[in-house]
Amino acid sequence: MASFNLGGLHSSSRRKSVYSRNATVERRNLITVCRFSIKTLIDRSCFETIDDSSPEFNNFAAILEQILSHRLKGQISWFGYESPRSFWDYIKVACRKVSHNCICSIENMENVGSSRAKGRAWIRVALMEKHLSEYISTALRDFKTTRRFYEDGAIVLGEEANMLAGMLLGLNAIDFSFCLKGEGLDGNYPAVIDYTPYLKFTQSSDSISSDEEELRTLGSSGSESSTPENIGPPFNMDENTWYNKCKRVEQKYRLTLEQKGYLEELVRLRETQLAESISQKKLLRQKIEAMNMAHKTEKEQLEYIIVELQDQLKSFHSLDQLSADVSLSQTSLDPSHSQDEDVKQSGLNSLSDGKEDTPSLLGLCGSLTSVASYKSLTSLKSSEYLASPTTEMTSPGLTPS
């Protein structure tokens with residue numbers, strides 16, 4: 001019984017290891033073939049325009065469709081059945097955050113009905129817009145939605161997803177031209193990958209790379225009894241061979257020259273942008289300094305105004321005290337007016353009882369009162385009160401007969 005349990009555990013662990021190995025190999029194969037297909041697309045775009053008739057593009061579209069459909073969850077119906085789902089169902093949800101996306105326009109296309117056809121149309125539109133890498137990166141960043149649509153072990157959930165987004169970035173340098181009404185959008189059949197272009201290589205005169213030594217080595221490795229004498233064809237350099245080599249070198253030179261011009265133009269553009277950024281930084285710094293100087297000047301002016309208002313308030317209190325002293329002196333000189341002053345003082349006190357609760361008005365009125373007018377009023381009252389006793393003393397009615 002124990003041996004049976006050990007055998008069952010061993011077989012289950014073996015199945016898990018085989019399953020894990022198969023899933024890893026499947027992901028690695030798809031990513032590697034995708035990298036090869038992108039390289040072939042970039043190489044072919046140097047000689048001709050990439051459209052629906054290009055076998056390199058058809059193979060790349062099939063590979064990308066297989067990657068986005070890898071371990072995609074099915075859609076559960078009301079009765080508990082799982083129906084197949086296309087990668088377009090995931091893309092249209094996860095890529096809505098992309099600015100100026102083409103999701104709505106593809107959904108409204110009349111000649112594209114099935115979900116698989118819409119996904120293929122999206123691949124073509126994204127390539128023509130040069131935004132395919134941006135779509136994939138945005139979708140992969142929405143990890144919650146990705147987990148909802150894909151099972152464990154999917155390519156978009158593994159480390160290979162970041163490699164995929166980086167590889168697709170190189171396709172922005174290619175100008176694609178597609179017809180969205182062709183047979184390539186037919187969603188009635190699944191995409192099939194053609195691996196033969198990546199398993200064997202036939203060198204032509206238009207090819208940029210030269211792998212003659214590797215081809216001779218591969219050709220001689222077919223038989224185990226091969227000897228150094230029959231490694232490959234004899235080294236024969238005729239005129240046609242030299243012409244082909246010169247043509248390949250010329251193609252390499254032109255391609256390098258175009259890349260050099262592109263990089264120089266890119267460097268000039270970056271230098272111009274850097275100079276503009278530096279000038280904008282200087283302008284912003286000058287504006288900040290000017291604003292600081294203006295704020296400092298305004299602060300000094302406000303401080304000066306505050307000091308001046310405080311001085312006016314002090315002078316007002318001193319004049320008020322002076323007027324009180326003058327009135328007191330007048331009262332002492334004229335006893336007959338003491339009762340009138342008492343009545344006036346009591347009337348003033350009764351009027352000021354309602355304003356005792358607002359002392360701030362006194363300060364405000366004191367800060368706004370003209371000092372010159374107050375001085376003239378005080379001088380007038382003082383002269384009037386000082387002249388009254390003299391008048392009474394020199395009155396004819398009071399002089400002795």
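How many of the 10 residues of helix H6 (residues 132-141) are buried? In this predicted model, eight of them are buried, and the helix is accordingly described as mostly covered. The buried positions are Leu132, Ser133, Tyr135, Ile136, Ser137, Thr138, Ala139 and Leu140. Their cover includes helices H2 and H5, together with helix H3 (87-94), helix H7 (143-149) and helix H8 (160-168).

Helix H2 (residues 55-68), which contributes to this cover, contains phenylalanine 60. The relative accessible area of phenylalanine 60 is 0%, so the residue is buried. Leaving aside residues up to four places away in sequence, phenylalanine 60 touches Cys34, Ser37, Ile38, Leu41, Leu127, Leu132, Leu168 and Leu171. The C-alpha atom of phenylalanine 60 lies 8.1 Å from that of isoleucine 193, although 133 residues separate the two along the chain.

Side chains of opposite charge can pair when their charged atoms come close. The structure holds 13 salt bridges, including one between arginine 120 and glutamate 65, whose closest N and O atoms are 3.0 Å apart. This pair connects distant parts of the chain, with arginine 120 in helix H5 (residues 115-129) and glutamate 65 in helix H2, 55 residues apart. Both partners fall under the 20% limit for burial: arginine 120 has a relative accessible area of 5%, and glutamate 65 has one of 8%. Arginine 120 additionally lies over the face of tyrosine 189, at 5.1 Å from the ring centre. In a further contact between a charge and a ring, the charged end of arginine 35 sits over phenylalanine 36, 5.8 Å from the centre of its ring.

Arginine 254 is exposed, at 52% relative accessible area, whereas glutamate 250 is partly exposed, at 38%. An α-helix has 3.6 residues a turn, so residues three or four places apart point the same way. Elsewhere, Asp89, Lys92, Glu107 and Lys118 are joined in a network of salt bridges.

The structure also holds eight aromatic pairs. One of them, between phenylalanine 57 and phenylalanine 176, is tilted, with 6.5 Å from centre to centre and 55° between the planes. Phenylalanine 57 belongs to helix H2, while phenylalanine 176 lies in the loop between H8 and helix H9 (196-199), 119 residues apart. Both phenylalanines are buried. The rings of tyrosine 90 and tyrosine 150 form an edge-to-face pair, because their planes stand at 85° with the centres 5.0 Å apart. Tyrosine 90 is located in helix H3 and tyrosine 150 in the loop between H7 and H8, so this pair ties together parts that are 60 residues apart in sequence. Tyrosine 90 is buried at 1% relative accessibility, and tyrosine 150 is likewise buried at 1%. Ring pairs also link Phe57, Phe176 and Phe178 into a cluster.

Conventions. Residues are numbered from 1 along each chain as its sequence is written. This is a predicted model: local features need pLDDT of at least 70, side-chain atom pairs count only at pLDDT 80 or more; totals for chains, interfaces and linings use all residues. Side-chain values use heavy atoms; hydrogens and water are left out. Helices (H or I, at least four residues) and strands (E, at least two) are DSSP runs, numbered from the N terminus. Buried means under 20% relative accessible area, exposed over 50%, partly exposed in between (1.4 Å probe, protein chains only). Contact means heavy atoms within 4.5 Å. A salt bridge is a side-chain nitrogen of Lys or Arg within 4 Å of a carboxyl oxygen of Asp or Glu. Rings of Phe, Tyr and Trp (its six-membered ring) pair if their centres lie within 6.5 Å; planes under 30 degrees apart count as stacked, over 60 as edge-to-face and the rest as tilted. A charge sits over a ring if NZ of Lys or CZ of Arg is within 6 Å of the ring centre and within 35 degrees of the ring normal.
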